[in-house]
Amino acid sequence: MKALGIILAGGSSETLSDYPNKSIAALPVGGSYRTIDFTMSNMTNSGVNKVAVITQYSSRSLLDHLSSAKWWDLGRKQGGLFVFTPYITNDNPFGYRGTADAMYRNISFLKRSNEPFVIIASGKHVYKIDFNDVLEYHQQKQADITIIYKEANYEKPSNYGVMVLDENKRLIEFEEKPLEPQTNIISLGIYVIPRTLLIKLLEDVVAENRYDFVNDVIIRYRKKLKIYGYPFEGYWRCIRSIQSFFDINMDFLNKDVRDLFCKQYPYIATKVMDEPPAKFNISSSTKNCIVGGGSILNGYVENAVLFRKVFTGSYSFIKNAIIMDGSYIGNNCYLEYVVLDKEVVVSDGRKLVGSKKNPIFLEKGSVI
Amino acid sequence: MRKREIISMILAGGHGTRLGILTKHLAKPAVTFGGKYRIIDFVLSNCINSDIDTVGVLTQYEPLKLNQHIGIGIPWDLDRKTGGVTILPPYIKEGQGAWYSGTANAIYQNIKFIEEYNPEYVLILSGDHIYKMDYSKMLEYHKQKEADATIAVLEVPIEEAHHFGIMNTNEEDRIVEFEEKPREPRSNLASMGIYIFNWNKLKQVLIEDNEYHPDSDFGKHIIPRMIHNEDRLFAYRFNSYWKDVGTIESYWQANMELIETLPSFNLYEEFWKFYTNLDHQPPQYVGEVADVKRSILSEGSEVYGNVYSSVLGSGVIIEEGATVRDSIIMAGTIVQSGSVLNRCIVSENCFIGKNVIIGEGENIANFEKPDIYHTGITVVGDQTTVPDNVWIGKNCVVYGNTKFSDYNNGRLESGQSLILEGEES
C-alpha cells in the first residue's frame, strides 16, 4: 500500500465540549460501534495496513477498545496498529503540545516507514470513504497537501476551518474557526501528504516552537505549498458535544445511514464483544429502535438507540433516548430525551425528562 | 518437548441425518443454533472457558462450512503459538486411504497429533451437543478418583433410558457395566459422550482394539473393553442443561426454550460467554410499525413486520407486513412483505417472496421421510428461494431455487417435498 495512516484521537479538542473527561474517539455510536471504528475501518478498508493512533487525554477507554488489533485486521507483521501516548523525557516534560507536536514526537515512526504517503485523520468523525480515491486525486493534482472538505449545510462554518479554493480547487485562503466565514467550504481535518514532506514540515515548525498542524503548517504554508481541496459529498458528522452525540446516534434510526455503515460492503469493523442475541420478552414493545446484543427488554421503547447489555424493566417507558452498554432501567420508569452513559442504574419508578435541544446526560456508573 | 496436561479432541464429522435438509451441505456441528451460534461453538467455548487451549477438531462429513467457521480459532482465543485449534480431517497414509470409521477409530488415526503435545489426559467431546460445562472440574474428579477413564453422565428419566448408553455403577460411582440402549435399563445414568482418559491407557487400548475392530467406537468397543480389563472407570454426574439436538423437533424445541423469560439454558452469563465467528457486528433494528415479542434477534437483523416466539439469526430481514411465528429463521434470510410463517425452520440465506404462507393446513407427516418430518414443522433448506404467493403446508421440505410453476397451482400440500437438486445458486 502507498499510504500509512495517522489518527489523531486524543488532543484536548478531542473530548466532549460539555464533558471534557470523555474522549470522543471511544464514544459508542449506532448501537455497536465506537467513533474511532469509522476512521480505522476507512483506513483498513482502503488497504492501509499501517495505522498509528496518537492519543493523550482520557485515553483509558480508547486503549481498552484498541487492546487488540485483530478486529481491524491490523494484527500484522508488516504494518499493523501502533498506539502512541506521550512519554516524558528529561528534555521534554510535556504532553503533546499540539497536533504537529504529537506527530513530531513520533517522527521516528514516520522515518522508519517507506510508504510514500501519509493520511492524517481524526478519531471523532463518522463517515465512510475510500482513501484510494483521495490518493489518486492527490497525485493527479500533483499536490503537496490534499485537504478533504465538504460544503457546510447543517454545520456552522465558524466551528471549522473555512477554506477558499480557486476554480482548480487549489487552496487560496484558510481561516480557522472564523467569526465571519468567507465561504461555506469547511475542512474535515483529513489530509493526504507525502511522508518525506510531512517529516520536513514537522521538523521545521517544531524547531520554531510551533506545534499546531492547522495554524503552523496549513495556514502558514498555504501559499508556499500546493494545497488542494478534495470534495466529500457523503454522510459526514463530527462529534463535539452531547447534543451532536445524541443527533448522530439518532441518525442511525434512519435506514439510509444504517445501510451505509451496517449493510453496504465494506463494513465498519469493531471490537468483538460476543454478546448473545437481543431478547424481547412478552411484555416488551419496541418501535423504531436499535437494540444491541445481550440486551433484555421488558418495557416500551421508542425512537431509541440501545447499546449492548441494556436491561429495561416491565412497564417502563423510554422514548428518544441513547442508552449505552450495560445500563439498567428498572420497572415503571419514564425516560424521555436522555443519554445514559455506560452502566447507569435507573431505579424503579424514576422519571427523567429532557428536551430535544437539551437531553439529560447521566455519567458512567450513575445510580439514581 | 511440548507438554500439555490435557488436550481435547472434538468429534465433529457427524452427518446428523435426522436433521434432514438442515445438514444437506454441512456437518451437524456447523448447523446454526440460538440465532448467531453454530452448534460447535458451545463445546469450543466450554474448552477455552475451562482453560483448555489445545483442541483437535475431527471432521469428515461436509467440512467446508466448519473449516471456514473455525478458521485459526480467533473467536475462541484458540489462535495460539503452541496448541490452539487444529482441524483434523482423515488423510491418506502409506499405501491406503482411510475414512474415520468410528469414534474411537478417528482418535486412533490421530495418535500422532496427540503425542505431539505429550498430554497426561485426553478429553473426548462431541461437537453435536449444547451445554455449559467446566471440564476442569471433571478433570479434578478424574484425578481424585485415580481413574483411568471418567465418563460424564446425565440422570435421565428411567422410562427414557433405553434411548441412551447406560452406565451401571457401584456405590462409589465406579462403572461396572455399560449397556448401549438397553431394553430393560437397570440405571438411569446416561453417557453424554464426554470422556476423560489417561492418555497412556487410552493409547494402549486404542491400539489393542484396532486389531479387532477396524470401526472402533467408544461406546461399543473401548468402554466395554476397559471394563473387561478391570480398568478404573468412573461416572461423573452432571446435573445441568445438556441437549443433543438430534431431530428436527428437538432442534426446534431447544431453540424455542431460549426465548423463555427465564430460559433453562442461559446465554447471558458474563463469565461463561459463548463465542462464535461473525464477520461483522451491526446492531439489531426494530422498525416503527414492527411488533416483536418473546423472541431473540441476532446482530444485524432488521424487523419491520411482526415476529412472535421466534429465533432470528444475524442479518435476517423481516419486511413490513410479514408475520413470523414459532419459527427459526437463520442468518441472511429475507422474508418479504405479506408473508406468514408458522412453526417452520428457514435455513441460511433464503429468500421468501411476498405473500407466502408456510406452515398451515393439516398435520400430515412427510411422505418421503415421515421419520424425520412429522411434528408439523416445515423446513426450508439453505439458499432456497420461495416465490411470491406460494402456499406451503406442514411437514414440508423445500429446497432450491424454486419457481411458482414448481408448485401445484402455487401449493405444496402438507407432507410434500419440493427439492430441486443441482440448482444451487
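This is a predicted model: local features need pLDDT of at least 70, side-chain atom pairs count only at pLDDT 80 or more; totals for chains, interfaces and linings use all residues.
Residues are numbered from 1 along each chain as its sequence is written, chains are lettered from A and ligands numbered from 1 in the order in which they are written, and side-chain values use heavy atoms, with hydrogens and water left out.

**View 1. The contact between chain A and chain B.** The contact takes 40 residues from chain A and 43 residues from chain B, where contact means heavy atoms within 4.5 Å. About 3,200 Å² of area is buried between the two chains, and carbon and sulfur atoms give 50% of it; buried area is the accessible area (1.4 Å probe) that two parts lose on being put together, summed over both. The rule finds 21 residue pairs in polar contact across this interface, both residues being at pLDDT 80 or more; a polar contact is a pair of N or O atoms within 3.5 Å, and within protein one must be able to donate a hydrogen and the other to accept it, while residues adjacent in sequence count only if both atoms are side-chain atoms. Helix 9, strand 14 (278-280) and strand 15 (285-291) of chain A each supply at least two residues of the side of chain A that touches chain B, and strand 15 of chain A gives the most, with 7 residues. Helices (H or I, at least four residues) and strands (E, at least two) are DSSP runs, numbered from the N terminus.

**View 2. Strands paired across the two chains.** Strand 14 of chain A pairs with strand 18 (residues 295-297) of chain B in the antiparallel sense over 3 bridges, and two strands pair if DSSP finds at least two bridges between them. Opposite A:Lys279 stands B:Ile296, in strand 18 of chain B.

**View 3. Salt bridges at the interface.** Across the interface of chain A and chain B the rule finds 5 salt bridges, a salt bridge being a side-chain nitrogen of Lys or Arg within 4 Å of a carboxyl oxygen of Asp or Glu. One pair is A:Lys309 with B:Glu270, whose closest N and O atoms are 3.4 Å apart. A network of salt bridges links A:Glu275, A:Lys309, B:Glu270 and B:Lys273.

**View 4. Two salt bridges within chain B.** B:Glu5 forms a salt bridge with B:Lys143, the closest N and O atoms being 2.7 Å apart. B:Glu5 lies in the segment before strand 1 (6-11) of chain B and B:Lys143 in helix 5 (residues 135-144) of chain B, so this pair ties together parts that are 138 residues apart in sequence. B:Glu5 is partly exposed at 37% relative accessibility, and B:Lys143 is partly exposed at 38%; buried means under 20% relative accessible area, exposed over 50%, and partly exposed in between (1.4 Å probe, protein chains only). In the other pair, B:Lys201 forms a salt bridge with B:Asp231, with the closest N and O atoms 3.0 Å apart, and both B:Lys201 and B:Asp231 are buried.

**View 5. The surroundings of B:Asn342.** B:Asn342 is found in strand 26 (residues 340-342) of chain B and is buried, with a relative accessible area of 15%. Leaving aside neighbours within four places in sequence, B:Asn342 is in contact with B:Arg325, B:Ser327, B:Ile358, B:Gly359 and B:Glu360.
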